[in-house]
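Here is a short report on a protein model. It covers packing, surface and charge pairs.

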Amino acid sequence: MALPLRVYRISPLFKPKCCVLHQCISRRNASAIAVPTSTAPENIEHDIPKEASIPNPDPPADSATAAQLSSHTPYMVATYVRPPPLMVKGEGCYLWDAENRRYLDFTAGIAVNALGHSDPEMAKLLYQQALTLVHASNLYYNPWTGELSKQIITKTRSAGAMHTASKVFICNSGSEANEAAIKFARKVGKIRTPSGTQHEIVSFHGSFHGRTMGALSATPNTKYQKPFGPMIPGFNYGTYNDEASINKLITENTCGVIIEPIQGEGGVNVATPSFLQALRTRCNEVGAVLIYDEIQCGLARTGHLWAHQILPKSAHPDILTTAKALGNGFPIGATIVNEDVAKCVVTGDHGTTFGGNPLACRLAHYVFSRLSDPELQSSVRDKEIRFRHHFSRLQHKYPDDVKEIRGRGLILGLQLARDPTPVVTAARERGLLVITCGTNTLRFVPPLVISEGEIEEGMRILEKAMDVVFTRDEGGRLEGTKGQQEMASGGR
């Protein structure tokens, strides 16, 4: 009986958009209407017509949204910095907030909602499975854990990716998938050298492997490690794409090397094929396990099922981790291993309470079947071309501000010469959601099902936002809303 009451309380927030905008604009400009002349500084006067014309201004402090948030935040651990809108509905590539403002979503929940929001078939399956069986624990078999594992292995190998893929461990998140990978690599090292000397893990600057202690220890960013130090011992860090340092970095004591083929949080940095091949060669020489973290860049995000499948078999990993898009918003992750790793992991070595539950696995089975479709992957590559065309045009228009275009498929980065948060804010207040990553980089990870028309719409809004930020007088630069970066506002 509580649910209808909850809906009843929120429903007054859903007002016709024109009324909401009228109220917001009236509140923000009341003094300008009441007084025939203004003594405001010139730069503030300059802002008034621009603010009044914003189609999606952030909810002001006296809004119903702000009132609801102020009643919630005292009870929430302050791990996130969020902008003002309160998102309540999603459909396809759009989100709606509690003031009934619509936003075109170029973030997809940080590369999660690859099939868009509220996919109808997924909703149907969720309902059906929830009525059948949600959880029974890993003490017993269920039909969907094995079915999903089989699907992942067969489709991965048939796609030309990880040709040695053999078995899957199903968990709940990307951090858990990477924790399993790190533990498995340590177990392999312990079996190969019972003395325990082969226990070190190598990762790379700019990486983001998660927030749990093992994954965080593999994420060499002092800002995020220092509050929780000391880190787990035995982690060493290298420079991304630095082939010359590999032999010194990876030694006989190295049991595992973990790397993102495309760094998402680090700035949409793409590993060169020769660097990944060199890592594979060195791992073979010292008997280390090579781990590809494709939690953000995998599952058709690059226009291929896996980002590494464009590499020759000689550069394929021993372990492959995934999450994010695997559940299209429902929590699930997976660690894919080859037979050499699988035979080192025995009963009792690792486990999970919720991982592999029939509800998550049935949904992921459907999502994986969609994302493994070559036609969808081909469309992602076509959409990359369209995005790059617009990015190049923006780079030509603002050469001092837009410096570089990076990425593959629909994980793309636009390197700016300045803090991008004002652009993020200006875009959001015009109906477009984008996020940042790395240093001064705008990150674009929209739903893979985004249409050409939606791309055009979003790029028009982005250009308007850049027009506001980049052409503004130096004395009145637009401020941004902080908290649009994964390590600040999202995660695994």
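The report below goes from model basis to cores, a helix, a strand residue, a surface patch and salt bridges.

## Basis

This is a predicted model: local features need pLDDT of at least 70, side-chain atom pairs count only at pLDDT 80 or more, and totals for chains, interfaces and linings use all residues. Residues are numbered from 1 along each chain as its sequence is written, and side-chain values use heavy atoms, with hydrogens and water left out.

## Nonpolar cores

The largest nonpolar core has 85 residues. A nonpolar core is a set of buried Ala, Val, Leu, Ile, Met, Phe, Trp, Tyr and Cys residues joined through side-chain atoms within 4.5 Å. Buried means under 20% relative accessible area, exposed over 50%, and partly exposed in between (1.4 Å probe, protein chains only). Leu279, Leu371, Leu442, Leu462 and Met466 touch the most other members of this core. Its largest share, nine residues, comes from helix H14 (residues 358–371). Helices (H or I, at least four residues) and strands (E, at least two) are DSSP runs, numbered from the N terminus.

A second, separate core has 21 residues. Phe169, Ile201, Val289 and Val337 are among them. In soluble globular proteins, nonpolar side chains tend to be buried together.

## Helix H17

Helix H17 covers residues 452–470, 19 residues in total. Its first and last C-alpha atoms are 26 Å apart, close to the expected 27 Å. That expected span is 1.5 Å times one less than the number of residues. Buried residues of H17 include Glu454, Ile455, Leu462, Glu463 and Met466.

What does Met466 contact, leaving aside its neighbours within four places in sequence? The partners are Leu394, Tyr398, Val402, Leu414, Leu416, Val423, Leu442 and Thr471. Contact means heavy atoms within 4.5 Å.

## Thr322

Thr322 sits in strand E11 (residues 319–322). Thr322 counts as buried because its relative accessibility is 1%. Beyond its neighbours within four places in sequence, Thr322 is in contact with Ala177, Glu294, Ile295, Leu299, Trp306, Gly333 and Ala334.

## Surface patch

Met213, Phe228 and Ile232 form a nonpolar patch on the surface. Together they have about 260 Å² of accessible area. Such areas come from the Shrake-Rupley method with a 1.4 Å probe; for residues, only the protein chains shown count as cover. Patches are made of residues with over 30% relative accessible area and no salt bridge; like charges are joined within 9 Å, nonpolar side chains (Val, Leu, Ile, Met, Phe, Trp, Tyr) within 5 Å.

Phe228 lies in the loop between helix H10 (222–225) and strand E6 (235–238). Its relative accessible area is 52%, so Phe228 is exposed.

## Salt bridges

The whole structure holds 18 salt bridges. A salt bridge is a side-chain nitrogen of Lys or Arg within 4 Å of a carboxyl oxygen of Asp or Glu. Arg102 pairs with Glu457, with the closest N and O atoms 3.8 Å apart. Arg102 is in strand E3 (residues 102–105) and Glu457 in helix H17, so this pair ties together parts 355 residues apart in sequence. Arg102 is partly exposed, at 35% relative accessible area.

Arg370 and Asp119 also form a salt bridge, at 3.4 Å from N to O. Arg370 lies in helix H14 and Asp119 in the loop between helix H5 (108–111) and helix H6 (120–132), so the pair ties together parts 251 residues apart in sequence. Arg370 is partly exposed at 28%, whereas Asp119 is buried at 10%. Asp318 and Arg280 meet at 2.9 Å, N to O. Both Asp318 and Arg280 are buried. Arg393, Lys397, Glu463 and Asp467 are linked in a salt-bridge network.
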